[in-house]
Number of protein chains: 2
Amino acid sequence: MARNGRPEPRTIGYSDVSLDILGGLLSFYARSMAIALNRDYDQAISEVELAHGHGKVSVLLMTHANPGIRPSVIAHFAQKDRSAMAKLIDQMKRQGLVEQRVDSGERRAHELYLTPRGEELVVQVRTIVQEQSDRFFAVLDRQDRADLLRILMTLYERHVTPLPANVPDRKATT
Amino acid sequence: MARNGRPEPRTIGYSDVSLDILGGLLSFYARSMAIALNRDYDQAISEVELAHGHGKVSVLLMTHANPGIRPSVIAHFAQKDRSAMAKLIDQMKRQGLVEQRVDSGERRAHELYLTPRGEELVVQVRTIVQEQSDRFFAVLDRQDRADLLRILMTLYERHVTPLPANVPDRKATT
DNA sequence: GTGCGATGATGGATGTCATCCACTATGGGG
DNA sequence: CCCCATAGTGGATGACATCCATCATCGCAC
């Protein structure tokens with residue numbers, strides 16, 4: 001049984017195989033980390049009704065922090081297709097977590113609000129998500145965690161979008 | 001048009017929205033980076049017939065570097081379900097890239113070999129994969145790249161499996 | 001006022017992939 | 001011989017990303 005819950009090979013040793021260039025490839029390790037992180041995260045978040053992916057958590061937290069926010073803005077920060085975002089929000093509406101109103105000043109757009117039920121869930125979700133992240137990255141020392149956060153924020157700003165001004169430790173990298 | 005090719009919101013500003021705890025959450029940034037990286041990678045790798053995910057590339061490179069390797073060993077390092085790995089290898093067999101033989105000393109297991117065609121593809125794939133990774137992480141300075149690699153390797157060893165002894169810069173972290 | 005292109009949201013089609021389960025042939029140990 | 005574990009395989013299912021088309025709305029130019 002490997003660290004990730006999958007059976008490990010039991011009839012042959014594998015400590016001397018070569019990973020070829022993968023052994024020194026940032027993208028291989030980055031994607032591998034994401035696989036492990038996703039699995040761990042999905043397990044943690046399945047305790048509440050928000051299983052699978054960051055989408056619902058992003059909607060919940062960002063709507064909480066920004067009542068009236070646009071679906072398209074959330075989609076933007078979460079790197080989610082507009083159409084997929086609409087479906088996700090529809091699901092959360094059916095779950096009784098959010099509600100939508102037409103923006104009176106721009107009737108093509110919607111404003112998102114949490115329901116009281118959604119608000120209750122926020123506290124839980126914050127705790128679960130923070131603990132999961134802390135636990136996953138606890139194998140790193142404090143300095144490495146700080147460096148990793150800084151580096152990942154840089155990558156986010158350069159590959160996704162500039163971070164809002166209110167994000168702590170954000171540096172103008174654009 | 002945002003950095004990732006998706007339309008960005010055009011009728012409202014969004015530089016002052018709050019990301020709530022996501023703004024300081026390692027797992028959010030890690031997963032966001034992976035989304036961006038996956039997209040970039042998939043674009044690069046679609047130039048050759050290995051689109052989508054690291055699976056095929058891992059099979060190709062690790063079989064090249066370790067002729068006769070077990071599917072289960074590749075699955076182990078690539079964090080892939082056995083059943084999914086079997087389907088993937090079947091696909092690559094049909095593409096004429098690999099072939100399988102029964103391991104004579106352990107007849108439950110298979111040995112994987114590349115075909116001449118598979119071998120030809122290795123050179124291309126190596127170049128593409130290396131360039132994609134280099135390009136994606138080029139936004140970081142040299143020190144940050146080195147730190148990121150070291151940190152990600154630590155995470156791999158702690159969350160996935162110990163790295164083989166032949167991997168450069170590997171440290172015993174178990 | 002009208003027309004045109006852009007915008008935000010929505011629905012649909014499609015492909016891909018992970019997960020989980022069941023099964024078969026094989027191997028090792030009691 | 002029996003039992004349990006192992007490696008590989010096939011199937012079912014659910015989730016999700018992507019891409020496309022559509023509609024209502026908006027802003028701008030003529």
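## The surface near DNA strand C

In this predicted model, the element that gives the most to the surface near DNA strand C is α4(A), with four residues; a residue is near a strand if one of its heavy atoms lies within 4 Å of it, and helices are DSSP runs (H or I, at least four residues) numbered from the N terminus. DNA strand C is surrounded by 26 residues, of which the closest are Arg6(A), Ser72(A), Lys87(A), Arg108(A) and Arg10(B). Sorted by class, the surface near DNA strand C holds 14 charged, seven polar and five nonpolar residues, where Asp, Glu, Lys and Arg count as charged, Ala, Val, Leu, Ile, Met, Phe, Trp, Tyr, Cys and Pro as nonpolar, and the others, Gly among them, as polar.

Sugar or phosphate accounts for 65% of the atoms of DNA strand C within 4 Å of the protein, and the rest belong to bases. At a base, the side chain of Arg108(B) places an N or O atom 3.1 Å from an oxygen of DNA strand C. Two or more residues of the surface near DNA strand C come from each of α3 (71-78) and α4 (82-94) of chain A and α4 (82-94) of chain B.

## The surface near DNA strand D

Around DNA strand D there are 25 residues, and those that come nearest are Arg10(A), Arg108(A), Arg6(B), Lys87(B) and Arg108(B). Of the atoms of DNA strand D that come within 4 Å of the protein, 65% are accounted for by sugar and phosphate. The element that gives the most to this surface is α4(B), with four residues, while the surface as a whole has 13 charged, seven polar and five nonpolar residues.

A base nitrogen of DNA strand D is 3.2 Å from an N or O atom in the side chain of Asp81(A).

## The interface of chain A and chain B

The contact, meaning heavy atoms within 4.5 Å, takes 91 residues from chain A and 91 residues from chain B. About 8500 Å² is buried between the two chains, with carbon and sulfur atoms giving 65% of that area; buried area is the accessible area (1.4 Å probe) that two parts lose on being put together, summed over both. In chain B, the residues that lose the most area to chain A are Arg3(B), Leu26(B) and Arg31(B), together 10% of what that side buries.

Four salt bridges are counted between chain B and chain A, each a side-chain nitrogen of Lys or Arg within 4 Å of a carboxyl oxygen of Asp or Glu. Asp144(A) forms a salt bridge with Arg150(B), in which the closest N and O atoms are 3.0 Å apart. The side of chain B that touches chain A has 46 nonpolar, 25 polar and 20 charged residues.

## Basis of the values

Residues are numbered from 1 along each chain as its sequence is written, and chains are lettered from A and ligands numbered from 1 in the order in which they are written. In this predicted model, local features need pLDDT of at least 70 and side-chain atom pairs count only at pLDDT 80 or more, whereas totals for chains, interfaces and linings use all residues, and side-chain values use heavy atoms, with hydrogens and water left out.

Notes. A polar contact is a pair of N or O atoms within 3.5 Å; within protein, one must be able to donate a hydrogen and the other to accept it, and residues adjacent in sequence count only if both atoms are side-chain atoms.
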